[in-house]
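These are my notebook entries from a reading of one structure, kept in the order in which I looked things up.

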Amino acid sequence: EILIRCPNVTAVVRGEGEQTIQEIADGRPWDEILGLSYRRDGAVVHNPNRALQPIDEIAPPDRSLRRSQYYPTVRGVRLLPMEFDTILASRGCPYNCAFCTFSLNPLGQKRDYAARTPESVVDEIAASPAEMILFADDNFFVRPDHVERICDLLMERGIKKRYTANARIEVSRFPHMLEKAYKAGFRMLLFGLESASDKTLAQLHKGFNIKQMRAAFDVLRKFPFFYHGYFIYGNLGETEEEMVAIADLARDLG
């Protein structure tokens, strides 16, 4: 559809793009590149899908090629003097939220949860010039043992940076891990909470209810993290009352 409607678009990379883009840059003939769609003789050509690459074979970006540094800003105003960077410690997610655009990509491929080695993650953190790291994982805390090993390595190597990561309420079951994460420099955790209605949470296949959410935050509030909640307003069948209740729930959770 994009190639038909947008004449300025030359090609579309489908699925994860690291290998495909590299082959384009290397000048490989387009008809030999998996995961690529393009025009030929007035028709749109879709090459076969590319298999998902094993996560440990995906090299980190060469950050020395950047033209700019990145700082938290809002409307051009710098909020913090700390340069930030984004890093992936894993790809995929073992959960199946109904609305998620990451669970299945447009090709119907599911990226099963796969974590990089803690050593490779910490090496990439150490190599980054940034003082603040935003983990781009769908859920950084899927494996507590993996998180604890990353934290141990950060502290053993004396790496002093600040970290932000996505989480689910299940992290409240692992207070020892949370304590270690704070010591290692984690300061903000972001939660997909979605709704103040059990009916909507079930519809979204979140895997927890409001009672469990409240119990989790009874534990989480004991730790001095900044907590950020993601909510979805206007789910199918949702009433105005159910939407407005989100603000009260967020306030109660802290």
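**Entry 1: T200.** T200 is found in helix α6, residues 198-203, where helices are DSSP runs of H or I of at least four residues, strands are DSSP runs of E of at least two, and both are numbered from the N terminus. Leaving out residues up to four places away in sequence, I noted that T200 touches S195, N235 and E238, a contact being heavy atoms within 4.5 Å.

**Entry 2: what I am reading.** The model is predicted, and local features need pLDDT of at least 70, side-chain atom pairs count only at pLDDT 80 or more, while totals for chains, interfaces and linings use all residues. Residues are numbered from 1 along each chain as its sequence is written, and side-chain values use heavy atoms, with hydrogens and water left out.

**Entry 3: the whole protein.** I noted eight helices and twelve strands in the protein, and a C-alpha trace that spans about 60 × 50 × 40 Å along its principal axes. Of its 254 residues, 41% count as buried. Among contacts between residues at least 6 apart in sequence, 66% join residues at least 24 apart.

**Entry 4: the core.** Which residues of the largest nonpolar core touch the most other members? I found that F135, F141, F186, F191 and M213 do, in a core of 41 residues; such a core is a set of buried Ala, Val, Leu, Ile, Met, Phe, Trp, Tyr and Cys residues joined through side-chain atoms within 4.5 Å. The elements that give two or more residues to this core include α3 (118-127), β9 (132-135), α4 (144-156) and β10 (162-167), and also α5 (175-184), β11 (186-194), α7 (210-220) and α8 (240-253). As background I wrote down that in soluble globular proteins nonpolar side chains tend to be buried together.

I then followed F135, which touches I87, A89, V121, I125, F140, Y163, T164, A165, N166 and F186, not counting residues up to four places away in sequence.

**Entry 5: strands around β9.** Strand β6 (residues 84-87) pairs with β9 in the parallel sense over four bridges, two strands being paired if DSSP finds at least two bridges between them. In this pairing I saw D85 opposite I133 in β9. Strands β9 and β10 also run parallel, joined by three bridges, and here L134 stands opposite T164 in β10. The chain crosses from β9 through α4 to β10, and this β-α-β crossover is right-handed, which is to say that, with the strands pointing away from the viewer, the path from the first strand over the helix to the second runs clockwise.

**Entry 6: A181.** Is A181 buried or exposed? At 1% relative accessibility A181 counts as buried, and its place is in helix α5. Apart from residues up to four places away in sequence, A181 touches C151, F186 and F225. I also noted that A181 and D152 are 29 residues apart in sequence, while their C-alpha atoms are 9.0 Å apart in space.

**Entry 7: helix α7.** In α7 I found I210, M213, A216, F217 and L220 buried. Seen down the axis of α7, these buried residues fall within an arc of 120 degrees, so they line one face of the helix; the arc is that of the directions from the helix axis to the C-beta atoms. What covers them includes α5, β11, α6, β12 (226-231) and α8.

Entry 8: Three strands form an open sheet in the order β1-β2-β3, with antiparallel pairing, and its edge strands are β1 (11-13) and β3 (43-46), each of which pairs on one side only. Strand β2 (residues 36-40) pairs with β3 over four bridges, and S37 stands opposite H46 in β3.

In the loop between β2 and β3 I looked up D41, which is exposed, with a relative accessible area of 81%, and which has a positive phi of about 55 degrees although it is not a glycine. R75 lies in the loop between β4 (73-74) and β5 (77-78), has a positive phi of about 50 degrees without being a glycine, and counts as exposed at 85% relative accessibility. Most residues other than glycine have a negative phi.

Note on methods. Buried < 20%, exposed > 50% of the residue type's maximum accessible area, 1.4 Å probe, protein only.
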